[in-house]
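Thanks for asking me to look this one over.

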Amino acid sequence: MQVGLYNRAVGKISVVLVVFQFLLPLVGVGQESRIIKVRVVDGTTSKGLAGVNIKWKAQAIITNKEGIAVLTLPQTDKLQLSFSLLGYQSYTKELRADTVSTLMSVGLKSEKQYLQEVVVTGQETNRLSSSTWITREALKMLQPSSFSDLLELLPGGMAKDPVLTAANTMQLREVGVNEPGYESSSLGVAFMIDGAPLSSHANMQATIGESQTRRTVSGSRNMLGKGIDLRAIATDNIQEVEVIRGIPSVRYGNLTSGLVKISRKSAGSPLTLRFKSDGLSKLFYAGKGLAVGANKFVNVGIDYLKAKDSPTNPLENYSRLTAMFKWDSNWQDASGQQWKWMAALDLSSTLDKEKKDSDIGYAEVDRYAAKNKTGNLSQHLSVSRPKASWFRKITLNHSLHLEQDRIDRVKWVQLEQATAISPGREDGVHDGIFLPGNYTAHLQVDGKPLNLYGNLESEHFFTWKKLTQNWLVGAQWSMDKNIGQGHVFDPMRPLSPQMDVRPRAFKDIPASQELSFFVEDQLKYSLAAHSIEALLGLRANKILGLPAAYSMLNHWYVDPRFNIAWHFPAVDIAGNPLKITVGAGVGRASQKPVMAQISPNTVYWDIVQLNYFHDTPEFRRINFLTQSLDPTNYSLTPASTLKKELRMQATYAGVNLVASLFDESMHNGFRNMSDYTVLHAKTYQTSHLDPSTITAAPDIYALPYQDRTILTLYPKVENGSSIHKQGVEFQLSSPRFTFLNTKLTADGAWFKSQYGNSRMLYNNPRSTIIIDGQRQQYLGLYLTDKGFKNQVFHSKLFVDNYFPRIGMAFLTSLQVQWFRTNQSAYENGRPVAYIDGNGNRYPFTDRAAQDPALKQLIVNYADNAFAVSRVPMTMYVNFKATKNIGAKIRMAMYVNRLLQYNKSYTVNGVDFRARGINSPYFGMEINLNI
C-alpha cells in the first residue's frame, strides 16, 4: 500500500519545505516532560500524511490518518526529531528546552520533486544578464580544493588538474594568453563574499632585481596587478556561488570582466568533517552550524590545505589555513519591519615556499617563501518594510580587511667578472664598491594591505497601472592603503648588480580612495500576454586622495548599464507549455588602477664615469653618476570595458536552453610599456696615466673627460592594452529521467579573443647598433607589439545519476575541445618614427630606411610568423562518484581523464603526435556528519 502511495506521490507532488510553529501558552506541562502535538502534511497540498515515522532518542511514533501524532517528550536542552515516510525526503527538526509551542506543523518534500531540484552542475540563471549559479550540491559533487576548481562548471570551462604552487587567476569569456600586458582581464573580475569585496589593490608583493615572468621562482606567484589569487579562497564554507559574466547591476563596481558573488553557510548543520587527498594535495575541513535561538545561527569552519608541486618534489609547496566565524539573525519588530544582521570574522594564512636542491653543491641555496596572514571583519544590516508603499528596504554593508604579507627571498649570486655598484641613494657622483665574487643576497618584501569598505543603499517600489518599478539608490566608499615597510634589502648585496631600485617603504605611498554613487530602476510591464522586464542603471566613480598632478583626481567616470528581456506568452505544444524569453544588454564597467600602477618605484641609473683597475687594490677607483626618474604616469585613467550581449532562454517539458552572444571590448587596459629619456654623464680619460708610477687612486677632478649623452628606456604603466572578446555560450539541460534517475546537462562556448597594444611603443630591436666601430643610439616608435588572435570551442556533456534510496550519485562528463587556433597578430616591423641620441624625434621615411644605422630598427619576420596554428579535437572523460553510508558518512572520489583521445596534428611543418598512454588524475575524500 505504501509503495502505491509512493508511486502516485512521485508523479503528482511539487513540494516546498515548510516548517512553522504556532506560539501558544503552555498548559499542563510539568517540569520533567512536555506534550507537543505534531501534524505532518504534504508540503504542496497541505494534506495530512498518515504513517509518518517520527523518532527521537530510543522512541518512535506514527501519525494517524489525519497526519497527527501526540508526543510526550523529555524536558531536555536539545532534542532531535526525525520524520520519514516512503516517497518523501527525510527531515530532521531540532527542539530546544525554550520551545514553547504545543502545536507543530511539518511539511515534507516528495522524493521526485527533490530529485528534480538536485543540480550537481553549474546552472544558467534566468536573470537579465548571463550568469551561472553553483549550489552546495554541485560543490559536494565537484570535490574542490580551491575556487579554481569551480571554473569547470562555467560554459566553456574545462576540468584541469590542480596547480597550487603557482598563482591561480580567473579569466572570463576568453581564450587567454601567457604573455604579459593583458593582466587587466583577470584584475577585472570582482569578488564579493557575503556582500563584502575582496580587494587586491594595495597588494605590492613582488620581488625586485629579477624577472617577474612565470618562468621564474617569484614570477609564477606574482599577483601584482592580476587580481585575486583563487588558491586562497576555500570552498567548504560556501553555500552557493553566482558568477555574473554579462552586465551586472550598477551596485557593483571596480570590475571590467565579471563578478563572483559568494554566499556562505548561514543555517544550523551538524558537525561536518572532510578529509580529501589527491596526488598533489591533502585537505582537512571541520565546520558546524549552531541554532542559538529563533532565526539566530552561528556558523564556524576551519580549513587546512597542503599541496606540493609534484609527488617527487617536496621542496616546492603551498599551504593554506582558513577560519570563519559568522553570525546570522533576523527578526520582526512590533511595526512589522523585517530586520537582518550578519557579522563575520575571517582569518587565513597561506605559505608559498620553494627551495633549491642542496645537491647542487652551493654553500648557500636559493629559497623563496611568501607568507600571508589575513583578517577580515564584515557586517551586513538591513531592514525591510513589506507593508510600506514606496520605501521598501535599506541596507548597510561595511568591512575591514587587513593583511600581513611577507616575501623572504634568498639568492646565491655568482659573478663572472669584477663588478662594482654605487652605494649612493641620492642623485649625484659616488665612488663605487666592488662586490665579492659570490655572496648570498637577502630580500624582504613587507606589505600590510589595508582595505576599508562601506556601502549604503535603499530600495523603493512604485506601481502605475501595469508598470511596476523597483528603484535602487546607493553610495559606496572604499580605501586601499599599504602600511608595510616595503622592500628591505642590503644595497651592498643586491639580488642582481643591475638592480635599478632602492629600498622603499610602502607606508609612504598615499592611500587610494574611491567614492561611487549609483541609481538603478528595475521595470516590469505587462503588455497583453507579454511581459517586459528591464534594468536601467547609472554608476559614477571618483578617485580621491591622490596628489594634484593626477588627472584622475576630481574626475567622475560614469558607467551606464542597461538590460532588457521580453517574455513571450507560453505556447501549448502537446500539452506542455513552451516559454521563450529574449533579451539584450549593453553597459560599461570600469576598473581603477592598483597602487603599484599609480605609484611605481623610482627608477635609478648608475652610470660608470671612471673604471680604473690597478693591480694594487688601493689604487683602484670606479666612479658612478647616479640619476633617478619618477616613472609615474599622471595621466593614467581607469580601464573600462564596453559589454554587449544578446540572450535567449527557452523551456519546454523540463528542458531548458540558454544561449548568449556577447561582444566585449577594452582599449585602455593597464600595460607595462616604455618611455625614453636622455641622460648626461662624463667619461674620464685615464690613458695618460702610468700604472707603474702612480701613488694613489686617480682624482676625477684632475682627469680630462668627455661629455656624453645616453638614450635609454624606462618602464612606465600606460593605458596601452586592447582586449576584444567575442563568442557564444550555451547550456541545455534536461529533466531528470526515471531511467537510472538520469539528468543530462550540456554546455559549451566558442571564444574569439584578440589581444594587442592600443598605444605605440618605443623599442630598440637591436641591443647595440655598431657603425664603423661606433655605437649608435636610436630608438624606434612602433605601431604594434606582441598581439594575438586566438579561438577555441569547448563543450561538455554531464550525465548525473542520483539515487537517494541507496545514497549514491554519479557524474560522468565528456569534455571536448573541438579546436583551438593560435595566431600572432600582424606586426609591421617598420617604425613610424625614430629617436636619435639627443632625444629628438623624426619620421621614419624611405630615406631613413636606407641609412645603415636606422635600417637596423626595421624588424623582419619569417614568412610563417603570422600563420594560424590549429590544434584539433581533444576529448576527455571524467568521472565522479559519491556514496552515503548511513546518515553520517559520505565517501567520494573523482578521476580526471579516465579516458582520453588526442588527435595528431602538424603546425608549421612540425608534427605533434598524440600520446598512446593516458595519465589519469585521482582524488578521494570522506565526509563525516556528527
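1. Let me begin with a turn. Strands S18 and S19 form a hairpin with five residues between them, and Gly336 in that turn has a positive phi of about 90°. Please keep in mind throughout that this is a predicted model. The two strands run antiparallel and are joined by 17 bridges, with S19 covering residues 338-355.

2. Strand S17 (residues 296-310) pairs with S18 (residues 313-332) in the antiparallel sense, over 14 bridges. Here the hairpin has two residues between its strands.

3. Now for the rings. The model has 24 aromatic pairs. One of them is Trp331 with Trp339: the ring centres are 6.1 Å apart and the planes meet at 5°, so this pair is stacked, as the angle is under the 30 degrees that stacking requires. How accessible are these two, Trp331 and Trp339? Trp331 is partly exposed at 36% relative accessibility, and Trp339 is also partly exposed, at 26%.

4. A second pair has another geometry. Phe434 and Phe613 have ring centres 6.4 Å apart and planes at 80°, so they count as edge-to-face. Phe434 belongs to strand S24 (residues 433-434), while Phe613 sits in the loop between strand S34 (603-612) and strand S35 (621-629), so the pair ties together parts that are 179 residues apart in sequence. Phe434 itself is partly exposed, with a relative accessible area of 30%.

5. Two further ring features deserve a look in your viewer. Tyr778, Tyr834, Tyr842 and Phe844 make up one aromatic cluster. There are also charges placed over rings: the charged end of Arg502 sits over the ring of Tyr604, 4.4 Å from its centre. Lys682 has its charged end over the ring of Tyr705, again 4.4 Å from the ring centre.

6. Glu242 stands opposite Lys261 in S14.

7. Two backbone angles may interest you if you check phi values. Asp194 has a positive phi, near 50°, although the residue is not glycine. Asp194 lies in the loop between strand S11 (189-193) and S12. Is Asp194 buried or exposed? Asp194 is buried, with a relative accessible area of 14%.

8. The other angle belongs to Ala574, also a residue other than glycine, with a positive phi near 55°. Ala574 is in the loop between strand S32 (571-573) and strand S33 (576-591). Ala574 is exposed, at 70% relative accessible area, whereas Asp194 is buried.

9. Finally, the whole chain. The protein chain has six helices and 53 strands. Its radius of gyration is 33 Å, close to the 30 Å that the globule rule gives for 930 residues, so the chain is as compact as a globular protein of that length. The C-alpha atoms fill a box of roughly 120 × 65 × 60 Å along the principal axes.

10. Of the 930 residues, 49% count as buried. Among contacts in the chain with a separation of 6 or more, 70% come from residues 24 or more positions apart. The accessible surface is about 43200 Å², with 56% of that belonging to carbon and sulfur atoms.

Conventions. Residues are numbered from 1 along each chain as its sequence is written. This is a predicted model: local features need pLDDT of at least 70, side-chain atom pairs count only at pLDDT 80 or more; totals for chains, interfaces and linings use all residues. Side-chain values use heavy atoms; hydrogens and water are left out. Rings of Phe, Tyr and Trp (its six-membered ring) pair if their centres lie within 6.5 Å; planes under 30 degrees apart count as stacked, over 60 as edge-to-face and the rest as tilted. Buried means under 20% relative accessible area, exposed over 50%, partly exposed in between (1.4 Å probe, protein chains only). Helices (H or I, at least four residues) and strands (E, at least two) are DSSP runs, numbered from the N terminus. A charge sits over a ring if NZ of Lys or CZ of Arg is within 6 Å of the ring centre and within 35 degrees of the ring normal. Two strands pair if DSSP finds at least two bridges between them. The radius of gyration is taken over C-alpha atoms; the globule rule is 2.2 Å times the number of residues to the power 0.38. Contact means heavy atoms within 4.5 Å. Accessible areas come from the Shrake-Rupley method with a 1.4 Å probe; for residues, only the protein chains shown count as cover.
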